[in-house]
Amino acid sequence: MLNAERTRNGPAGWIKRFHPSPSAAVRLVCFPHAGGSAGAYLKLSALLRPEVEVLALQYPGRQDRSAETPLRDLHALADRASEAVAACDTGPCVLFGHSMGAIVAYEVAARLEARGAGPLGVVASGSPAPSAPREQTVHHLDDTALLAELRRLAGTDPRVLAQEDLMRLTLPAVRADYAALETYVHPRGQRLNCPVRVVVGDRDPLVSPREAHSWAEHTDGGLDVRVLPGGHFYLQEQQEEVADLTRTWIGALSTARNL
């Protein structure tokens with residue numbers, strides 16, 4: 001049973017399939033934001049099935065992996081995540097990452113391309129380009145200040161944030177993710193071969209629509225930028241629009257590859 005689990009889902013625990021769709025021609029592999037979990041993509045998975053099967057990454061240190069030590073190095077996280085994706089034999093896939101997840105998706109795409117099994121494309125949501133300067137102080141904040149930052153970005157349910165004792169249990173994983181992102185260094189000269197679509201909110205305090213175009217420096221496959229209403233976590237309010245945009249783009253990529 002363990003071997004079957006590793007074949008279908010990669011190394012145990014890394015990949016969640018909320019709505020298995022074995023007949024799907026393309027899979028969307030999703031990478032959560034800092035402090036996020038695979039569950040962030042539950043609704044997107046429901047919206048895209050059965051045409052597109054969503055595989056959501058579960059990083060160590062959260063939910064059913066809370067007993068594991070979270071990774072504080074983004075390159076190490078991308079190494080482990082790429083091994084998990086490669087092991088589960090996705091077939092044709094598109095990678096989707098939000099915020100920190102966009103950088104993880106980019107790095108995983110680079111690793112998959114090096115294996116000769118690159119994705120059809122990458123969707124980078126709510127993130128500056130990999131080489132952009134980044135804030136380097138959030139992971140040093142005390143618990144109270146870190147909780148305030150989470151409130152500012154409005155990516156966590158206010159009802160959950162109100163339960164501070166519960167929230168403080170999650171802060172080691174949040175802090176580790178911020179450390180991974182804020183200490184990340186883009187490999188000089190690294191570029192993807194596949195196309196990249198960048199999606200940002202028009203009121204995102206972390207990346208403007210103009211800054212989103214800097215992703216063009218990191219792909220030879222072409223860049224497409226889309227702007228939707230909302231802040232850094234625009235996709236929580238724009239799930240159906242994101243699903244429609246993603247489904248249409250996957251269809252175009254599949255047609256281009258004669259899938």
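**Overview**

A: The protein chain exposes about 11700 Å², and carbon and sulfur atoms supply 51% of it. Accessible areas come from the Shrake-Rupley method with a 1.4 Å probe, and for residues only the protein chains shown count as cover.

Q: What should I know about the model and its numbering?

A: This is a predicted model, where local features need pLDDT of at least 70 and side-chain atom pairs count only at pLDDT 80 or more, while totals for chains, interfaces and linings use all residues. Residues are numbered from 1 along each chain as its sequence is written, and side-chain values use heavy atoms, with hydrogens and water left out.

Q: How many helices and strands are there in the chain?

A: The protein chain has nine helices and seven strands. Both are DSSP runs numbered from the N terminus: helices are H or I with at least four residues, strands are E with at least two.

Q: What share of the residues counts as buried?

A: Of the 259 residues, 54% count as buried. Buried means under 20% relative accessible area, exposed means over 50%, and partly exposed is in between (1.4 Å probe, protein chains only).

Q: And what share of the contacts comes from residues 24 or more positions apart?

A: They account for 80% of the contacts with a separation of 6 or more. Contact means heavy atoms within 4.5 Å.

Q: New topic. How many aromatic pairs are there?

A: A search of the whole structure finds two. In Tyr41 and Phe96, the ring centres are 5.8 Å apart and the planes are at 80 degrees, so this pair is edge-to-face. Rings of Phe, Tyr and Trp (its six-membered ring) pair if their centres lie within 6.5 Å; planes under 30 degrees apart are stacked, over 60 edge-to-face, and the rest tilted.

Q: Where do Tyr41 and Phe96 sit?

A: Tyr41 is in the loop between β2 (26-31) and α2 (42-48), and Phe96 is in strand β4 (residues 93-98). The pair links distant parts of the chain, 55 residues apart. Both Tyr41 and Phe96 are buried.

Q: What about Tyr106 and Trp215?

A: Their ring centres are 6.0 Å apart with planes at 80 degrees, so they are edge-to-face. Tyr106 lies in helix α4 (residues 100-114), and Trp215 in the loop between α8 (209-212) and β7 (223-228), so the pair ties together parts 109 residues apart in sequence. Tyr106 is buried at 0% relative accessibility. Trp215 is buried too, at 1%.

Q: What lies over the face of Trp14?

A: Arg65 does, at 4.5 Å from the ring centre. A charge sits over a ring if NZ of Lys or CZ of Arg is within 6 Å of the ring centre and within 35 degrees of the ring normal.

Q: On to charges. How many salt bridges are there?

A: The structure holds 12. A salt bridge is a side-chain nitrogen of Lys or Arg within 4 Å of a carboxyl oxygen of Asp or Glu. One of them joins Asp177 and Arg62, with the closest N and O atoms 2.7 Å apart. Asp177 is in helix α7 (residues 164-182) and Arg62 in the loop between β3 (52-57) and α3 (74-87), 115 residues apart.

Q: Is Asp177 buried or exposed?

A: Asp177 counts as buried, at 2% relative accessibility. Arg62 is buried as well, at 7%.

Q: Which side chains does Asp224 meet?

A: Asp224 forms a salt bridge with Arg197 (2.6 Å, N to O). Asp224 also forms one with Arg226 (3.4 Å, N to O). Arg197 is buried, with a relative accessible area of 7%. Asp224 is partly exposed at 21%, and Arg226 is partly exposed at 32%.

Q: Let's switch to His19. Where is it?

A: His19 is in the loop between β1 (15-16) and β2. His19 is buried, with a relative accessible area of 14%.

Q: What does the side chain of His19 reach?

A: A polar contact of 2.7 Å joins the side chains of His19 and Ser45. The His19 side chain also reaches the backbone nitrogen of Ala46 at 3.5 Å. A polar contact is a pair of N or O atoms within 3.5 Å; within protein, one must be able to donate a hydrogen and the other to accept it, and residues adjacent in sequence count only if both atoms are side-chain atoms.
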